[in-house]
Amino acid sequence: IHPSCAPTIVTAHGGPTGHSIAAASLSYTYFTSRGFRIVDVNYAGSTGYGRSYREALKGQWGVADTQDMLAVARYFAQPEFTPPGGMFVRGGSAGGFAVLNALVHSDVFDGGINYYGVADLIPLARDTHDFESRYLDSLVGPFPEREDLYRERSPLTHAHQVSAPLLILQGSDDPIVPPAQSRAFLEACQAKGIACEYHEFPGESHGFRQAETIRTCATFEIEFLQ
């Protein structure tokens with residue numbers, strides 16, 4: 001076995017126009033201390049690399065970010081980096097959107113971990129909170145004029161193509177990605193016969209806060225990966 005070979009987790013920040021900083025992360029140490037490699041992707045649209053890179057996601061959310069995630073995964077899928085069966089993708093919110101898109105538009109991964117990821121863009125555009133109102137107009141297109149584009153970019157539209165087992169972690173009180181979105185994706189996986197583990201946490205919203213929930217999810221993740 002090549003000395004650099006290890007199970008790999010390709011992960012995406014919860015942007016979409018966010019940024020993962022190069023700093024120590026206890027959550028990542030949780031995985032690396034158990035033998036996993038973490039590859040954190042600042043996909044197109046991430047801040048910190050100049051205006052042109054940030055604007056590369058303009059009108060391309062669900063396309064450019066997915067392509068970047070897949071490009072990184074295909075590189076690390078080489079046998080000197082990752083053993084057979086050891087390629088995973090992980091993310092939450094917009095990062096969960098990237099997870100779901102990666103699983104429905106490729107067969108690169110052996111499993112995915114989705115924290116309250118966006119499965120359907122149409123209700124997100126229609127019902128999102130005031131702070132992000134019209135945010136998707138620049139990332140996808142004007143709504144409802146381009147509702148067809150929102151439907152095409154939604155992982156739920158292509159859920160019948162899901163290619164690997166999935167762990168979904170969802171808050172029951174999430175107003176941004178309601179449980180109905182995650183449950184719909186769960187049902188699509190079950191209909192195809194893809195193993196899908198779903199856990200919904202009472203009292204949690206879009207971003208888990210309770211210590212017990214965070215500990216429980218960490219355990220679920222390791223068990224799923226193993």
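The model is predicted, so please read it with its cut-offs: local features need pLDDT of at least 70, side-chain atom pairs count only at pLDDT 80 or more, and totals for chains, interfaces and linings use all residues. Residues are numbered from 1 along each chain as its sequence is written, and side-chain values use heavy atoms, with hydrogens and water left out. Helices (H or I, at least four residues) and strands (E, at least two) are DSSP runs, numbered from the N terminus.

**How α3 and α4 cross**

- Helix α3 covers residues 64–76 and helix α4 covers residues 94–104; their axes come within 9 Å and cross at roughly 70°.
- That angle makes α3 roughly perpendicular to α4; angles of 65 to 115 degrees count as roughly perpendicular, under 35 as roughly parallel, over 145 as roughly antiparallel and the rest as oblique.
- Here, axes are lines fitted to C-alpha atoms, for helices over the stretch in contact, and angles run from 0 to 180 degrees between N-to-C directions.
- The α3 and α4 crossing is right-handed, meaning that the near helix is turned clockwise from the far one by less than a right angle.

**Who touches whom**

- On the α3 side the contact involves Asp65, Thr66, Met69 and Leu70, and on the α4 side Phe97, Ala98, Asn101 and Ala102; contact means heavy atoms within 4.5 Å.
- Sorted by type, the residues of this contact are five nonpolar, two polar and one charged. In this scheme Ala, Val, Leu, Ile, Met, Phe, Trp, Tyr, Cys and Pro count as nonpolar, Asp, Glu, Lys and Arg as charged, and the others, Gly among them, as polar.
- Thr66, in helix α3, is buried at a relative accessible area of 5%. Buried means under 20% relative accessible area, exposed over 50%, and partly exposed in between (1.4 Å probe, protein chains only).
- Setting aside neighbours within four places in sequence, Thr66 is in contact with Asn101 and Ala102.
- Phe97, in helix α4, is buried too, with 0% relative accessibility.
- Beyond neighbours within four places in sequence, the contacts of Phe97 include Trp61, Gly62, Asp65, Leu121 and Pro155.
- The C-alpha atoms of Phe97 and Gly14 are separated by 8.9 Å, although these residues are 83 apart along the chain.

**Salt bridges**

- The count comes to six salt bridges, each being a side-chain nitrogen of Lys or Arg within 4 Å of a carboxyl oxygen of Asp or Glu.
- One of them joins the side chains of Glu221 and Arg90, at 2.6 Å from N to O.
- This pair links distant parts of the chain, with Glu221 in helix α9 (residues 211–225) and Arg90 in strand β3 (residues 87–92), 131 residues apart.
- Glu221 is buried at 2% relative accessibility, and Arg90 is buried with a relative accessible area of 13%.
- Another bridge pairs Arg151 with Glu147, whose closest N and O atoms are 3.0 Å apart.
- Because Arg151 and Glu147 lie four residues apart in helix α7 (residues 147–153), about one helical turn separates them.
- Arg151 is partly exposed at 40% relative accessibility, and Glu147 is partly exposed at 25%.
- Arg215 also bridges to Glu212, with the closest N and O atoms 2.8 Å apart.
- Arg215 and Glu212 are three residues apart in helix α9, so they too are separated by about one helical turn.
- Glu212 is partly exposed, at 48% relative accessibility.
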